Amino acid sequence: MGNSCSGKPAAVPRDPAPPARRRRTTSPLAEARLSVAGRPSVATKRMSDVSELTESDVSEQSEWDALLAQPAEETAVRVAIRSRPQIDGESATSIRGNHVSVGDTNFGPFDATLDDHSTQKATYDGVARNVVEQALRGFHGCVMAYGATGSGKTHAMAGERGDAGIVSRAIAQVFAVSGAESDETHTRVECTYVEIYREQVRDLLVGDAGASENALPPPPQQQRGRALQAGNRTPPRAKTPPRAKTPPPQKQPRIREDERRGVFVDGCTRTRCRSAEECIDAFRMGSRRRAVRGTAKNDRSSRSHAVFTLELTRTTTRGAATVTQASRLHLVDLAGSERVKESKTTGDGVKEAGNINQSLMVLGNVVTALEDKASKRRKGDINGAARVHVPYRDAKLTRLLQDALGGNAYAAILCCVSRAAADASHTTSTLRFASRLKSVTTAPRKNLDPKDMEILRLRRENAKLRAALVDDGMRL
Ligand SMILES: Nc1ncnc2c1ncn2[C@@H]1O[C@H](COP(=O)(O)OP(=O)(O)OP(=O)(O)O)[C@@H](O)[C@H]1O
Ligand SMILES: [Mg+2]
């Protein structure tokens, strides 16, 4: 399956189902099967002879086939380049078509290039839209902004007041689709938001009592008020004088892996979002808690890698059968590589820079290993490819994004650069990284609930056996 962007605004992703006229009582596929040049098909006629066999038994298999279809191939990571507006000084970088050059060195082609004048919408359409569509179809996804400090990663992901970035646009796309669902589908949206700061995973939604399902119970006074409203004349008295409730000590979120869920963060706040507004509020609130520091290169330099994750659980019910697809969409704003000499940070700032650069180096090593794997596979050296060690566990960032980088996800990376001559060496190193990313592939699979799949398999087997019985009966 391709990884290209559709460019259509908030298109409702549909699983590929054959087109057919719609009748009130049957599904399009059931109709197509019932009628061949206006006559009932042989199979349908046979089945309609037996009272327990219904039209939906006939159509169901193909309908579910379309819903459950898995892509057969690997897909390339989508790589886009965006240059931020130049403030002053000489420019060393130029964009021509899908190529970018720094001085005499040419890089590309990339999947998309966005110059200084590109809008946030064009960036979203060129980078993220397709990944979000795939997430709504049950595939894991990851959209990540990479680049040196001050190159525009946070601007692209979080946006600024009145100029929404990729995260808000992705949320809007998800809710545009889930709001237009038919009666047979329902999407539950939850979000988590963590940052990796100096190799520690920190929950950015902790204490979000308004929206969180982990919210503490209401304070005693509020409970008494509720009891009164419910008709109790004398409110229950608190046994001890009311005390300020101190929240329990925060459990350190941990990265874990299991067969069903893949790699995920355990022990962080999971917030149920019933509207786009609720979800954007959670993102904004978490972003305010993120570690930020002013440096000589950026007034608001991100000192952590921030991972905002939308967890989508889509349930489709047709007749008596249900299928649940559960996908995770990571939206990642990385901290930027920096040289302390240029950023002029001191004290903790220097330690932060050390951690940031170290984890980005591991990300580079992971990409090198994945490139090596892909090249061996292309040459037919399957055993050699399997032996390549990918050092995901060397940093929390790569461990958390393991599925997205080389596994079960559609991934798109926005590489942000500055065109200024003073930043040429940073831009060159970002473009080298982007070029290497181009050969990384992933193998996305729809994440379907195995229990539902087993029930479906049994229903199909049952339908097949009943059809065979009918065949035998007809021959007698
Ligand atoms: N495409 C753009 N259009 C307008 N302003 C931009 C753009 N890209 C970046 N900027 C501005 O440049 C400054 C630095 O951008 P930003 O904070 O996004 O950088 P960053 O890559 O996140 O850096 P860091 O790694 O230090 O966090 C901000 O003031 C931002 O508004
Ligand atoms: Mg930033």
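The structure is a predicted model, in which local features need pLDDT of at least 70, side-chain atom pairs count only at pLDDT 80 or more, and totals for chains, interfaces and linings use all residues. Residues are numbered from 1 along each chain as its sequence is written, chains are lettered from A and ligands numbered from 1 in the order in which they are written, and side-chain values use heavy atoms, with hydrogens and water left out. The protein chain holds 16 helices and 20 strands, these being DSSP runs numbered from the N terminus (helices: H or I, at least four residues; strands: E, at least two).

**Overall architecture**

- Of the 476 residues in the protein chain, 48% are buried; buried means under 20% relative accessible area, exposed over 50%, and partly exposed in between (1.4 Å probe, protein chains only).
- The protein chain has an accessible surface of about 24,600 Å², and carbon and sulfur atoms contribute 50% of it; such areas come from the Shrake-Rupley method with a 1.4 Å probe, and for residues only the protein chains shown count as cover.
- Among contacts in the protein chain with a separation of 6 or more, 75% are between residues 24 or more positions apart, a contact meaning heavy atoms within 4.5 Å.

**The shell around ligand 1**

- Ligand 1 is surrounded by 16 residues, of which T149, G150, K153, E160 and S301 are the closest; a residue is near a molecule or strand if one of its heavy atoms lies within 4 Å of it.
- The shell comprises 2 nonpolar, 10 polar and 4 charged residues, where Ala, Val, Leu, Ile, Met, Phe, Trp, Tyr, Cys and Pro count as nonpolar, Asp, Glu, Lys and Arg as charged, and the others, Gly among them, as polar.
- At least two shell residues come from each of β2 (78–84), α6 (153–158) and β16 (301–302), and α6 gives the most, with 3 residues.
- Oxygen atoms of ligand 1 take part in polar contacts (pairs of N or O atoms within 3.5 Å; within protein, one must be able to donate a hydrogen and the other to accept it, and residues adjacent in sequence count only if both atoms are side-chain atoms).
- One such pair involves a polar side-chain atom of R84, at 2.8 Å from a ligand oxygen.
- Polar backbone atoms are also involved: that of S151 lies 3.2 Å from an oxygen atom of ligand 1, and that of H155 lies 2.8 Å from one.
- Ligand 1 taken alone exposes 630 Å², and the protein buries 80% of that area.

- An unreviewed UniProt entry places the feature "binding site" at G147, A148, T149, G150, S151, G152, K153 and T154; UniProt positions are given in the numbering used here, feature names are shortened, and annotations may be inferred rather than shown by experiment.
- T149 sits in the loop between β7 and α6 and is buried, at 11% relative accessible area.
- Neighbours up to four places away in sequence aside, T149 touches K297, N298, S301, G336, S337 and E338.
- S151 belongs to the loop between β7 (141–147) and α6, and S151 counts as buried because its relative accessible area is 4%.
- With residues up to four places away in sequence left out, S151 touches R84, C416 and V417; R84 also supplies a side-chain atom 2.8 Å from a ligand oxygen.
- K153 is part of helix α6 and is buried, at 6% relative accessibility.
- A polar side-chain atom of K153 is 3.0 Å from the backbone oxygen of G147.
- Beyond its neighbours within four places in sequence, K153 has contacts that include A145, Y146, D333, L334 and C416.

**Other helices**

- In helix α4 (residues 120–127), 6 of the 8 residues are buried, namely Q120, T123, Y124, D125, G126 and V127.
- D372, in helix α11 (residues 348–378), is partly exposed, at 32% relative accessibility.

**Backbone geometry in loops**

- G108 and P109 are joined by a cis peptide bond, with omega about 0 degrees; P109 lies in the loop between β5 (105–107) and β6 (112–114).
- R198, in the loop between β10 (185–197) and β11 (200–203), is not a glycine, yet its phi is positive, near 45 degrees.
- E199 lies in the loop between β10 and β11 and likewise has a positive phi, about 65 degrees, without being a glycine.
- R198 is partly exposed, at 31% relative accessible area, and E199 is partly exposed, at 29%.
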